[in-house]
Amino acid sequence: MPEPRPQGRIVKGYIMPGMPHVMLPRESASRAELRNACHAAGAGVREARPDVLVIFSTQWVSVLGHLVQARANPTGLHVDENWYDIGNLPYDFRTDLELAHRTIELGTAAGLQVRPVDYEGFPVDTGTLVALSFLNPKNEIPVVCISCNIYSGRDEEMKLGKAAADAVRALGRRAVAIASSGLSGHYFTREITDDEDRIVSETDDALNRRLLDLIAAGKSAEAMDLVPEYAAKTGADMQFKSYYWLMGALGSDGAKGKVLGYGSIWGSGAAVIEFSA
Amino acid sequence: MAGKGSIVCGFIAPHPPHLVYGENPPQNIPRSSGGWEVLRWAYDNCREKIKQLKPDVIIVHTPHWMTLVGHHVTRVPRLKGLSVDPIFPHLFRYNFDTAIDVELADAVYDEARAEGLIARKMTNPNFRLDYGTIVTSHMLNPGWDIPILSLSANNSPYYFSLGVGIEEMYKLGRATRRAIEKTGRRAVLAASNTLSHFHFDREPDPNLPEDMSKEHVFSHANYLWDMRVLRLMREGRMDELLQVLPEFIEKTGAEVKSGGLFWMLAAMGFPKVPARVHGYWSVIATGNAVVEWDLSAEANGAGANLHA
C-alpha cells in the first residue's frame with residue numbers, strides 16, 4: 001500500500017462505458033471514437049499518478065444496500081452473460097483494503113447499508129473490468145470497487161460518493177473516482193453488424209447530447225435535476241445514478257466535465273468524460 | 001433416442017439460494033443450522049418423483065440469465081465452476097459440475113428460430129451458470145446425474161411490455177416442446193421463479209440468515225395473491241390463471257414476469273390437469289411455491305387430454 005499523503009483527495013473523475021465492445025480491436029467509426037477516448041482516459045489516469053482508483057459500476061448490481069469489494073487480490077476469469085462470444089475477461093487486481101473498509105464505515109455512519117464482500121470467486125462485473133482494462137491495464141494501481149444498488153436514488157448515491165471521498169481524505173490517498181456506466185439504455189434487440197451500430201433513436205441521441213452539454217458546462221446541479229426525466233425517456237443505464245455517486249465523490253460544485261468521446265454501443269449511448277477536481 | 005419425446009412433468013421450482021444453504025449439501029461452502037424446511041421438504045417430493053420418472057433431461061428457464069438479444073441456450077457439453085451468489089455470497093458459494101444436453105440445445109435453437117425468435121447458442125466453456133439454474137437444478141436433482149439445459153430469460157417483458165414478453169415465451173414454449181419431441185427426450189421442465197417478489201431491503205440478521213423467527217411474507221395482500229394463483233393451479237383452472245397472471249405480476253412484482261412460467265405452460269400445452277402444490281413459504285419475504293404438473297402417461301393415462 002502506498003505511503004499516506006497529508007493532502008488526500010480525489011484528483012480526477014471519469015465516466016467510462018462498461019460494455020465490452022469498446023475493447024474489441026475491430027471497429028465501427030463510433031466505437032473507434034469511444035475506444036480512443038478510453039485510451040485517452042487511461043493516459044489521464046497515468047498522468048494523475050493516483051494511489052488508488054475508486055470505481056462504481058452499474059453492472060455490479062446489489063439489492064440489499066451497497067457492497068464494497070473487500071478481497072485483497074480478486075482473481076478470476078469473467079465471462080459476460082450476454083457477450084460471452086466477445087471473449088473472456090481475466091482479472092487479477094489489488095484492493096486498497098484500508099480505503100474499502102473506511103468507505104464502508106463512513107457510508108454506514110451516513111445511514112446507508114454498506115457491506116464488504118470478501119469471497120473467493122465472487123463475480124467481478126463486466127463494467128468494472130472494462131474500465132480497468134483501459135485505466136489500469138497492468139493492474140499497478142490498487143482499486144476500490146463499489147456496487148450499484150438497484151433501489152437507491154440521488155440522495156443515497158451522493159452520500160455514498162461523499163463517504164468514499166471522505167475516506168480518501170481521511171487516509172491521505174490520491175485517488176481517481178470512476179463511474180462505469182452507459183448513457184441511454186435503449187439497444188438493438190436483434191443481431192447487428194459493427195457498421196450498423198448507432199444510437200437507436202434520435203430522441204435518445206438528443207437527450208444524451210443535452211445532458212453532456214450540461215456536464216461539459218459544469219452545470220452539474222442542472223444535470224442532476226435532468227437525470228430523472230432523462231433516465232425515464234432514454235431507459236438510461238441504471239437511471240444514470242452513477243452520476244450522482246460521482247458528483248457526491250467529486251463535490252458537485254464546479255465539477256466540469258470534458259467529453260473525450262461519445263458514441264453508440266449496440267444502440268445504447270456511451271461517453272468518456274473526464275472531470276478535473 | 002428412440003421414439004417420440006415428451007414432457008413428463010413441469011415444476012415451478014423457485015431458486016432462493018437460501019434453500020441450498022439450509023440443506024448444507026457438500027457442494028455449498030457456507031454451513032447453516034437449517035431453515036426454510038417447508039420448501040425443502042416440498043422439493044424432497046419432487047426429487048422422488050423425478051427418480052421415478054427417469055427423465056433424460058431437466059430444462060430450466062432462469063430469470064438470472066437475463067439476455068438482451070434473443071433467447072440463449074447453453075451449448076457446451078459440460079459446465080463446471082464455482083458460483084458465488086452476487087446478492088447473498090455469505091450463504092451461496094456452490095461448486096457446480098453438470099452435463100449439458102447439447103443435442104437438445106441445438107434443437108431448441110433451431111425450433112426457436114423456426115418460430116421467428118432470435119436465438120443464440122452459448123458456446124463459451126468458461127461461462128458461469130447463473131444461480132437460478134444452479135439452485136433449481138440442485139433442488140430437483142442434487143446428484144446432478146441428469147443432464148440439464150439452461151434457457152436464458154430474454155429481457156422483452158421489461159424492455160417492451162409484458163404482452164410482448166408473454167408472446168415470446170409462448171413461442172419459445174412451443175419450440176421447446178417440438179425440440180423435445182424431435183430429439184426423443186423424456187423431459188422435465190422447470191420454471192425457476194418465485195411468486196410474489198417484494199422482499200426485505202435488509203436482512204433481518206446477516207449473521208444468522210436461517211433465523212426462522214424473522215421469516216414472514218412481505219404483506220398479507222401479497223400472500224392472498226399467491227394463494228389465489230395457487231388455488232387456480234390446484235384446481236386446473238388454466239384459462240383463469242392465464243387471465244389473472246398479468247394483474248398478479250403488477251400487484252406483487254411476481255418474478256413470473258421473467259417468463260419461465262409462461263414458457264413452461266405453453267410447452268406443456270396449457271394443461272388443465274390440477275397441479276400439485278408441494279409447499280409454499282416465504283424466503284426473505286418473497287412468496288415461493290413448489291408446484292408440479294404431472295403429464296406422465298402413468299399419471300394421466302395414455303393420450304391424456306392437453307389443451308393447446
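Two residues are in contact here if their C-beta atoms, placed from the backbone, lie within 7 Å. Keep in mind as you look around that this is a predicted model. Among the contacts in chain B that link residues at least 6 apart in sequence, 83% join residues at least 24 apart.

Stay with chain B for its overall build. Its secondary structure comprises ten helices and ten strands, and its C-alpha atoms fill a box of roughly 50 × 40 × 40 Å along the principal axes. For 308 residues, a compact globule would have a radius of gyration near 19 Å, so the 18 Å of chain B agrees with that expectation. As for burial, 53% of the 308 residues of chain B count as buried.

Now turn to where the chains meet. Here 20 residues of chain B are in contact with 21 residues of chain A. On the chain B side, the elements giving two or more residues are β2 (57–67) and β4 (78–84). That side divides into twelve nonpolar, three polar and five charged residues.

Finally, cross over to chain A and find helix α2 (residues 97–109) and helix α4 (residues 154–170), whose axes come within 8 Å and cross at roughly 130°. An angle of 65 to 115 degrees would count as roughly perpendicular and one over 145 as roughly antiparallel, and α2(A) and α4(A) are therefore oblique to each other. The crossing of α2(A) past α4(A) is right-handed. Residues making the contact include A:Leu99 and A:Leu106 of α2(A), along with A:Leu160 and A:Ala163 of α4(A). The residues of this contact divide into eight nonpolar, two polar and two charged.

Technical notes. Residues are numbered from 1 along each chain as its sequence is written. Chains are lettered from A and ligands numbered from 1 in the order in which they are written. This is a predicted model: local features need pLDDT of at least 70, side-chain atom pairs count only at pLDDT 80 or more; totals for chains, interfaces and linings use all residues. Helices (H or I, at least four residues) and strands (E, at least two) are DSSP runs, numbered from the N terminus. Ala, Val, Leu, Ile, Met, Phe, Trp, Tyr, Cys and Pro count as nonpolar, Asp, Glu, Lys and Arg as charged, and the others, Gly among them, as polar. Axes are lines fitted to C-alpha atoms, for helices over the stretch in contact, and angles run from 0 to 180 degrees between N-to-C directions. Angles under 35 degrees count as roughly parallel, over 145 as roughly antiparallel, 65 to 115 as roughly perpendicular and the rest as oblique. A crossing is left-handed if the near helix is turned anticlockwise from the far one by less than a right angle, and right-handed if clockwise. The radius of gyration is taken over C-alpha atoms; the globule rule is 2.2 Å times the number of residues to the power 0.38. A residue is buried if 20 or more other C-beta atoms lie within 10 Å of its own, exposed if 12 or fewer, and partly exposed in between; C-beta atoms are placed from the backbone.
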